[in-house]
Amino acid sequence: MAEPAPGRRPMDLDRARTTRGTVHVIPERCKECGFCVGYCPEDVLAFSADSNAKGYHYPVLASGREDACVHCGFCNLICPELAIFTTELADDAGGTTS
Ligand code: SF4
Ligand code: SF4
């Protein structure tokens, strides 16, 4: 987290926490529109090497970004096929996908 400008540091900044998320994908619903991959603010997602039964590549965790999901929920909101969602992880757990 970047240090705020002088005089703008919240008194409880040391207690601020970043949420972490587990990414869940339903591959057979995905139509490979790319919204979740392209607009994830943390660059968590990439397209799979495999394709689903309809021939579409679906989102998976990008290499090196396995623990990067912040559970912002944007992928869930933007997916037109309801094919991806996240759940919040406990503070001491790492990110995963299922
Ligand atoms: S919840 Fe947010 S950070 Fe996590 S994969 Fe979706 S868009 Fe990216
Ligand atoms: S937004 Fe939904 S349909 Fe589009 S690539 Fe992501 S999971 Fe697939």
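**Ligand shells and core of the predicted model**

Strand E1 (20-25) and helix H2 (74-78) each contribute at least two residues to the shell around ligand 1. Here a residue is counted as near a molecule when its C-beta atom, placed from the backbone, lies within 6 Å of it. Helices (H or I, at least four residues) and strands (E, at least two) are DSSP runs numbered from the N terminus. The model is predicted: local features need pLDDT of at least 70 and side-chain atom pairs count only at pLDDT 80 or more, whereas totals for chains, interfaces and linings use all residues. Residues are numbered from 1 along each chain as its sequence is written, while chains are lettered from A and ligands numbered from 1 in the order in which they are written.

Around ligand 1 there are 15 residues, of which Cys40, Cys69, Cys72, Phe74 and Cys75 come nearest. This shell comprises 10 nonpolar, 4 polar and 1 charged residues, where Ala, Val, Leu, Ile, Met, Phe, Trp, Tyr, Cys and Pro count as nonpolar, Asp, Glu, Lys and Arg as charged, and the others, Gly among them, as polar. Beyond its neighbours within four places in sequence, Cys40 is in contact with Leu45, Phe74 and Cys75; contact requires C-beta atoms, placed from the backbone, within 7 Å.

Ligand 2 likewise has 15 residues around it, and Cys30, Cys33, Cys36, Cys79 and Ala83 come nearest. Helix H1 (35-39) and strand E3 (57-61) each supply at least two residues of this shell, with H1 giving the most, 3 residues. By class, the shell around ligand 2 holds 11 nonpolar, 1 polar and 3 charged residues.

The largest nonpolar core contains 14 residues, and Cys36, Cys40 and Ile84 have the most contacts inside it. Elements E1 and H1 give two or more residues to this core. Such a core is a set of buried Ala, Val, Leu, Ile, Met, Phe, Trp, Tyr and Cys residues joined through C-beta atoms within 7 Å. Buried residues (20 or more other C-beta atoms within 10 Å of their own, C-beta atoms being placed from the backbone) form 19% of the 98 residues in the protein.

Overall, the protein has 2 helices and 4 strands, in the order β-α-β-β-α-β from the N terminus. The C-alpha trace spans about 55 × 25 × 20 Å along its principal axes. Of the contacts with a separation of 6 or more, 70% join residues 24 or more positions apart.

How values were computed:
A residue is buried if 20 or more other C-beta atoms lie within 10 Å of its own, exposed if 12 or fewer, and partly exposed in between; C-beta atoms are placed from the backbone. Two residues are in contact if their C-beta atoms, placed from the backbone, lie within 7 Å.
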